[in-house]
Amino acid sequence: MKKYAFIGDISFNNRFEKIYSEGENPFKGINSILNKADVVGNLECFARGDTGVNELKNPRLDTSEETLSLLADINIKIACLANNHAFDNLDSGFKKTKLILEKHKIKSIGASMDNNYSIPLIVGEKDDIKIAFLNYVNYDTNPSMPPNTKIKVNFFCKNTLFSKIKELRDRVNHVVVLLHWGGRVENGFYPDWHQPKIARELINAGADLIIGHHSHTFQPFERYKGKYIFYSLGNFCFDDIYMNDKLYSKLSPRQKESAIINIDFYKDSYKVEITPIRNRGGNIIIDKSLYVKYKCRNILFHIIKKFHFVWKIYYIKLKKINPIFNYFFIQKGSLKQALKMKKILNHIRK
């Protein structure tokens, strides 16, 4: 048996730099879970580089090289780099991040500065249980690739991924697909209309487990042909985003809720355990009260995914109403500012 713990978006921005500098451990409330398994997570915050930032991307994330050492505190063994923030700190920041990962013996997949970015990571090749990990980012998440970059990112192409999965099927016991996707429904509770169809096609092609990221919310999960599909795990650790000393984005309550997905892999099957977590002032804690909320979300999801007009109502609310509501009530902006922010968000999401 092999034990893995899958977590959502990891960003040691802003408050986490202070936490690290003060020698605190924001993960002490969940270390007992993370230390029992090899952790796999989506690293969205890269080290600051020496050559500026990717001005094409807003918002951007960054952190110090020292703060990235917090990765060792969460027992992360595999970092997914195929995401829409891989270019934020240009080639210099990417190089620094890779060196830190190598220093802490953390494997990375999905992006590199050589030709290894599209090569699957296979673990346990000398053991009885072999697992392949594939990591891709969808263009709809707004990666904003700068010109002349040497960073190579694994962009999602359905047919290419089908071929990769089928190629791996005879070599490994399990194929795990890690997707950074669903850009149109960022901050939403439910996946985009086409995502369940794509997920099922990937399972039909031979994938055993699908783990999604990017929405910054914990979205529903389901089983299809006995295989699990987690559309998005939400934020594992994240803070408000400041750019040029101004608050760009404040975390909403929904962006502070997530889950750790513990999986025991056997030769021909796997067992799943879900542990809900919450970000409370930068400290990541277990919050079992979220079980009920997640269960209700899953029930609603089965209704929404069957009727396109119901999903369309949800989508209009997410795109047109929520940006104004969140900015006006959560970020305490004026109505005029809220309307302006809605325009900006809609432009970014197109």
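Colleague: Which residues line the second largest cavity?

Modeller: This is a predicted model, in which local features need pLDDT of at least 70, side-chain atom pairs count only at pLDDT 80 or more, and totals for chains, interfaces and linings use all residues. Residues are numbered from 1 along each chain as its sequence is written, and side-chain values use heavy atoms, with hydrogens and water left out. Rolling a probe the size of a water molecule over the atoms shows where empty space is left. On a 1 Å grid over the protein atoms alone, a cavity is a set of points where a 1.4 Å probe fits but cannot get out, whereas a pocket is an open set with protein on both sides within 12 Å along at least five of seven lines; lining residues have an atom within 4 Å of a point. Here the lining consists of Y190, P191, D192, W193, P196, F301, I304, K305 and W311.

Colleague: What is the volume of the largest pocket?

Modeller: A volume is the space filled by probe spheres set on the grid points, which are joined across faces, edges and corners. For the largest pocket this is about 300 Å³. Its lining has 16 residues, with I33, K36, N262, E273 and T275 nearest the centre.

Colleague: Is I313 buried or exposed?

Modeller: Buried means under 20% relative accessible area, exposed over 50%, and partly exposed in between (1.4 Å probe, protein chains only). I313 has a relative accessible area of 57% and is therefore exposed.
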